Amino acid sequence: MKALMIEGEGVCAFHDVPAPRPGPGEVLFAIRHVALCGSDLNTFKGLNPLVSLPRIPGHEIGGEIAAVGAGVPDVFAVGRRGLVVPYTSCGTCPSCRRGRVNACRGNRTLGVQQDGGLTEHIVVPHEKVILNDTLAPRHLALVEPLSVGFHAVARGRVSADDTVVVLGCGMIGMGAVAGAVHQGARVIAVDVGAAKLDIAARYGAAEGIDGSAEDVAARVEALTGGDGADVVIEAVGLPATFTQAVDLVAFSGRVVYIGYAKEPVTYKTQFFNMKELDILGSRNATIDDFRAVVDYLDRRETPPDDLITKVFPFAEADQALPYWVAERESTLKVMIER
Ligand SMILES: [Zn+2]
Ligand SMILES: [Zn+2]
């Protein structure tokens, strides 16, 4: 079968790889849609320290069960649709011992530490498949990135009493907007330029602040009666937004970092104490987050096609990452369809 491999910086090509077969407890999953993640883009650009090359990228996967191994429960029947949870935890590290497997020290993610979904079929343990026959496979491929945003909302203990500022409305930030709105919170979305703020509004953001044209701190102050936000979720990954989160949050508020700043960040730390902040990291997502997103998308009246910027047929998958590099600013999600 064909697979797309990232071979080096800026280089990807199709290769023939052996077709996998499911062992006991495993399913063969036919891949229909793979959405590309920022981590795939970083691998392609030579900026992902976690990955060794060559690697088949892609961990945001929607498709259907094509075959099952021995001992797989009957519910995982051939032809049923679903999505793949792309993380594998070690089971023994401090996070795993605490049941927080999404933050496993030795986590292996499809497309990063093991080959991913930009191919025809993959074999995964049946526990990694979340079945859903109502959502289209292209929407199932959006569940993982949205789940990462939902997880940040859960980390921030967001409730209906909260005003939440989400810094950055890329795909993960959009998941945080949707997740916080889903909890009943009032959401202020911040991005640069109007396009992503328009989409954030469709996912329930009550306010949008264009950081390229407005004073974000002044607007948040005005919108919160001078208090600041109860929760700030940082989904950009720049030093400036890391420190801005601490400035924008209210006294005794919560700051959640999903963004990954590639450079060191310098803080004036007095607000950590003075405001008695909860400063929280957020990594990947739990099975509960995945299920919450599936449920959310199932109930949503409008399908989430506005999150998909461009779809490439599988035969042209080698053009998808170069496209994303060229169109970074205007792109929310690039997807491959098979
Ligand atoms: Zn992802
Ligand atoms: Zn672990």
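Guide: Two residues are in contact when heavy atoms lie within 4.5 Å. The model shown here is predicted. Leaving out residues up to four places away in sequence, F290 touches L83, V85, P86, Y87, I130, V143, E144, S147 and A285.

F290 also belongs to the largest nonpolar core, which has 49 residues. F290 is one of the residues with the most contacts inside that core, and the others named with it are V164, V177, I233 and L307. Several elements give two or more residues to this core: the helices α4 (143–155), α5 (171–182), α6 (194–202) and α10 (287–299), together with the strands β10 (163–167), β11 (186–191) and β13 (229–234). The core draws at least three residues from domain 1 (2–142 + 308–337) and at least three from domain 2 (150–281). A second, separate core has 33 residues, among them V27, L41, V72 and L131.

Over residues 172–297, the chain is 43% helix and 23% strand, and the end C-alpha atoms are 15 Å apart.

Finally, consider N42, which is placed in helix α1 (residues 38–44). N42 counts as buried because its relative accessibility is 16%, and buried means under 20%. Apart from neighbours within four places in sequence, N42 is in contact with L47, N48 and K262.

Key
Residues numbered from 1 in each chain as written. Chains lettered and ligands numbered in written order. Predicted model: local features only at pLDDT ≥ 70, side-chain atom pairs only at ≥ 80, totals over all residues. Heavy atoms only, no water. Helix = DSSP H or I, 4+ residues; strand = E, 2+ residues; numbered from the N terminus. Buried < 20%, exposed > 50% of the residue type's maximum accessible area, 1.4 Å probe, protein only. Core = buried A, V, L, I, M, F, W, Y, C linked by side-chain atoms within 4.5 Å. Domains from an automatic or database assignment.
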